[in-house]
Amino acid sequence: MKKSLFIFLLGVFSVFTVFAQQTVIKGSVKDAINNQPIPDVTVTIEETLQVTKTDAKGEFSFTTNVPLGEQILKISKNGYTTKRYPIVVNEGQTVNITDMTLDIDISDTEDLFAISLSDDELDDDTGASDNISGLLSSSRDLFQRTAAFEFSSSFFRVRGLDSDNGSVLINGIEMNKLYNGRPQWSNWGGLNDVVRNQELTSGLTPSAYNFGGILGTTNINVRASEARPGGRVTYSSSNRSYTNRLMVSYASGLVDGGWAYTISAGRRWGNEGYQDATLYDSNSFFASVEKKINDKHSINFTGIYAPNRRGKSSPNTQEVFDLKGIKYNEYWGWQNGEKRNSRIKEVEEPIVMLNHYWTISSKTTLNTNVAYQFGKLGNSRLDYNGTDLVNGFPEGGGANPSPTYYQKLPSFFVRNSPDNLGLAYGAQQQFLNNGQIDWNQMYEANISNTQRGGNAVYALYEDRVDDQQTTINSILNTEISDNILLNASLNYRYLKSENFAQVIDLLGASGYLDVDAFADNPNDIQNDILNPNRIVKEGDQFKYNYNLFASIVSGYVQAQFKYNKVDFFLAGSIANTQYQREGIYQNGGFPNNSLGKGEKLSFTGIGAKGGFTYKITGKHLLDVNAGYITRAPSLRNTFSNSRENHDVVGDRSGIDITEEKISSIDASYIFRSPIVKAKLTGYYTKFQDASEISFFFADGIGGDNSVFVQEVLQNIDKKHIGVELGIEAQVTPTIKLKGVASIGQYTYDNNPNLSLTTEPDDDAIAAGFVEGFRNYGEANLKDYKIAAGPQRAYSAGFEYRDPRYWFFGATVNFFTNTYVDVAPLTRTSNFTTDFDGNTFNDYDEDLARSLLKQEKFDDYIVVNLTGGKSWRVGDYFIGFFASVNNLLDEVYKTGGFEQGRNANFRQLRDDKALDTPVFGSKYWYGRGTTYFLNLNFRF
């Protein structure tokens with residue numbers, strides 16, 4: 001008995017001795033002004049592999065493999081000035097540095113850059129500007145920040161990828177739209193102060209919130225208790241998209257009773273941005289309230305309401321650009337002495353969410369969220385096909401009001417009247433002197449027809465999408481041990497999307513006949529058989545009306561392992577996606593396939609990824625990540641003609657629609673020292689079995705026929721390969737040099753299948769369609785470049801930060817290998833085939849190869865400048881920031897697309913034989929010299 005007691009006491013003594021002899025570094029970090037703890041501060045033991053973060057109480061500790069002797073402890077967080085503390089660590093002792101302080105960095109410009117970025121480039125929704133910059137704006141990585149802030153005006157895409165390959169979350173709730181997979185940035189536009197607390201995981205690296213895509217995950221944290229306490233008033237001026245911006249925000253921090261709140265309101269406005277008549281009218285409101293119930297439970301409510309309206313700008317052909325210049329916009333015209341834009345995008349989609357945070361233990365948390373988003377998204381346009389019923393059939397219609405309609409431009413007359421060039425000269429002078437929409441002419445035509453007892457010939461309407469989406473999820477994070485972290489989540493998303501056209505303005509008329517003026521069969525003219533020959537008024541729905549339903553159930557699990565020499569992770573995900581269309585109208589062209597609910601579609605997506613970071617030394621690291629993902633096609637690319645029928649992509653081609661497959665791998669070498677930081681990355685990504693749908697009016701179908709078609713591409717494979725380099729050097733305490741390079745090649749990797757659908761009318765039959773369908777087989781796209789902005793981009797620059805809180809920076813950016821988006825239809829058998837099904841008797845293969853060569857845009861250089869000054873007045877801060885983009889006023893193309901009008905060899909040959917083609921490619925141009933000014937007051 002005594003021997004057993006002695007052994008037990010000896011064991012207890014040994015345990016206490018081990019703990020007593022443990023080497024520990026611990027401490028806490030507080031705000032230097034308000035003395036409040038600062039969470040998520042990065043604490044690093046320099047020249048080692050030891051990194052940790054402060055917890056909610058601002059505390060941290062190092063307990064394993066603690067280095068001995070003289071060390072430097074570095075503490076840093078975005079928005080604060082980095083500090084370094086020298087310490088001496090003795091074996092078996094505890095170094096306790098409590099109440100270290102961080103000062104607000106009054107020269108911090110990160111939020112100012114974000115204001116310039118998210119309010120400007122991210123709001124655009126043109127085909128050339130699926131901009132991923134918002135996914136990168138919170139990154140501290142030099143390459144990603146350069147891509148976000150220096151390359152964004154050129155619509156550069158990191159690795160050539162669309163934004164649907166990255167996830168954007170707010171408080172753990174995914175914000176990507178189910179329709180196209182992309183985030184709608186304007187839903188929280190103008191709220192930069194309250195959405196700048198972001199956590200980014202790039203590429204396939206692990207996220208604590210979801211599995212993510214191959215571009216990574218950005219989680220915007222709007223939790224009230226974690227907002228930096230204090231207020232800010234900001235005024236901005238610019239000549240880019242808006243001209244004025246005013247914003248006020250205030251965050252209380254955690255106050256007595258366990259409450260915290262954050263509020264913000266803003267307004268952005270302008271009659272015209274850089275392009276003509278691009279009005280901007282936006283208001284933004286935000287409120288977040290949190291109640292900390294006890295040490296384990298907290299509830300946060302957030303409401304976001306950011307209604308906005310803005311005028312769109314048009315892509316233009318080279319002919320139009322040569323005549324009118326870079327600022328020209330075809331969408332507007334004068335009315336009562338004011339510029340009126342016919343293409344207005346209006347977004348009003350409030351978001352409300354409730355978040356519950358449960359600290360189950362010191363090592364386990366569970367975050368459960370519920371969100372509801374609703375509202376409307378509208379895009380207006382002019383209709384010029386208004387008709388009257390004459391003997392039971394619609395007759396009438398007006399002239400195309402577009403000033404750039406091909407029959408109004410000089411090139412049309414050069415091609416069709418080469419012996420009378422006076423007609424071309426007259427068209428040129430008319431376009432130069434006017435060249436805008438004639439609103440008065442449309443009013444006069446409508447009023448005149450109304451006085452004769454007729455209906456509107458012209459009308460302004462909008463394509464509306466009214467979404468209602470509910471999201472519920474739970475996110476679990478738990479430390480299984482000091483080395484193993486487990487993340488998991490379950491998610492449910494449900495969408496009801498109402499889609500219809502709505503009359504905005506009848507332009508002086510009293511009604512519009514809701515029929516299809518292009519139908520050539522009396523049985524096909526009705527947009528809704530249930531309401532034939534309906535006369536609609538302003539505010540009425542017409543043309544098309546249907547609902548789309550989507551539901552997604554998904555989950556993921558991830559394990560992260562952290563050790564001295566290597567960190568690695570493994571993650572897996574699964575998702576079930578269901579889609580269904582419900583027709584509200586019974587379309588006359590598809591009476592048996594348009595009304596009611598169609599087939600319910602189901603897709604199963606899986607994901608697997610893993611990676612490791614090998615720490616060669618404290619300065620040299622190797623990082624490798626790889627993943628395989630299958631995902632459901634987006635709603636947009638699932639239904640081939642959702643406005644008129646239930647048809648699903650592949651229904652008639654014999655190629656079933658299926659999940660898209662993505663394989664990706666990247667490897668990086670990372671070097672970091674107190675002076676130089678560098679990262680070199682190589683990557684490879686392969687897409688398989690993708691689908692894409694486009695809509696256009698095509699000439700030369702089955703010979704010389706003209707048909708409005710839906711073009712369906714299936715089984716598309718794409719390949720993205722390249723390297724990325726970012727290097728920066730703090731050559732003096734005040735001067736930093738930086739350089740970035742992106743060298744990529746993004747190509748189609750196969751010949752996908754192409755089919756066309758259209759209404760089954762006489763024109764379609766003449767063009768060889770069978771019941772409105774024609775399959776062309778392979779489109780010869782392999783090795784054509786993908787239109788994804790510049791495939792190569794380079795940047796070199798410097799920053800100077802004076803100890804007296806002023807700064808200046810300049811960058812020179814070079815862009816090359818930008819390509820036009822090719823028209824797939826011209827790369828099919830239709831291009832070579834005459835009306836009789838045989839090859840054109842004058843077909844020239846060498847000439848055809850030249851005609852189909854993909855256009856490569858000119859290289860260009862853009863110089864950008866930034867600068868600013870900050871002042872501290874007692875406990876208050878004043879900051880001024882200015883930037884000039886494209887200092888040298890370089891003219892350059894950011895993107896463009898071939899028009900699909902010239903669908904066969906003869907038409908394309910004859911058109912390109914002209915000095916100025918009638919149906920040349922349409923381009924988007926970058927802005928010339930622009931400025932951005934910002935003044936803010938913080939308290």
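Which residues touch the most other members of the largest nonpolar core? I opened my notebook with that one, keeping in mind that this is a predicted model.

**Entry 1: the largest core.** I found 32 residues in the largest nonpolar core, and I701, V709, L754, L756, F769 and L825 touch the most other members. Next I looked up which elements supply this core with at least two residues each: the strands β37 (676-701), β38 (705-730), β39 (735-748) and β40 (753-757), together with the helices α11 (845-851) and α12 (905-912). I noted that β37 gives the most, with five residues. A general reminder for myself: in soluble globular proteins, nonpolar side chains tend to be buried together.

**Entry 2: F769.** I picked F769 and set aside its neighbours within four places in sequence. F769 is then in contact with I701, V709, L756, T757, T758, A764 and R774.

**Entry 3: another core.** I also came across a second, separate core of 27 residues. Among its members I wrote down A459, L506, Y544 and L548.

**Entry 4: T54.** Is T54 buried or exposed? I read a relative accessible area of 4%, so T54 is buried, the cut-off being under 20%. I located T54 in the loop between β3 (51-53) and β4 (59-62).

Then I followed the side chain of T54. It reaches the backbone oxygen of I38 at 2.9 Å. A polar atom of the T54 side chain also lies 2.9 Å from the backbone nitrogen of V41. Not counting residues up to four places away in sequence, I listed V29, I38, P39, D40, V41, V43, E59 and F60 as the residues T54 touches.

How values were computed
Residues are numbered from 1 along each chain as its sequence is written. This is a predicted model: local features need pLDDT of at least 70, side-chain atom pairs count only at pLDDT 80 or more; totals for chains, interfaces and linings use all residues. Side-chain values use heavy atoms; hydrogens and water are left out. A nonpolar core is a set of buried Ala, Val, Leu, Ile, Met, Phe, Trp, Tyr and Cys residues joined through side-chain atoms within 4.5 Å. Buried means under 20% relative accessible area, exposed over 50%, partly exposed in between (1.4 Å probe, protein chains only). Helices (H or I, at least four residues) and strands (E, at least two) are DSSP runs, numbered from the N terminus. Contact means heavy atoms within 4.5 Å. A polar contact is a pair of N or O atoms within 3.5 Å; within protein, one must be able to donate a hydrogen and the other to accept it, and residues adjacent in sequence count only if both atoms are side-chain atoms.
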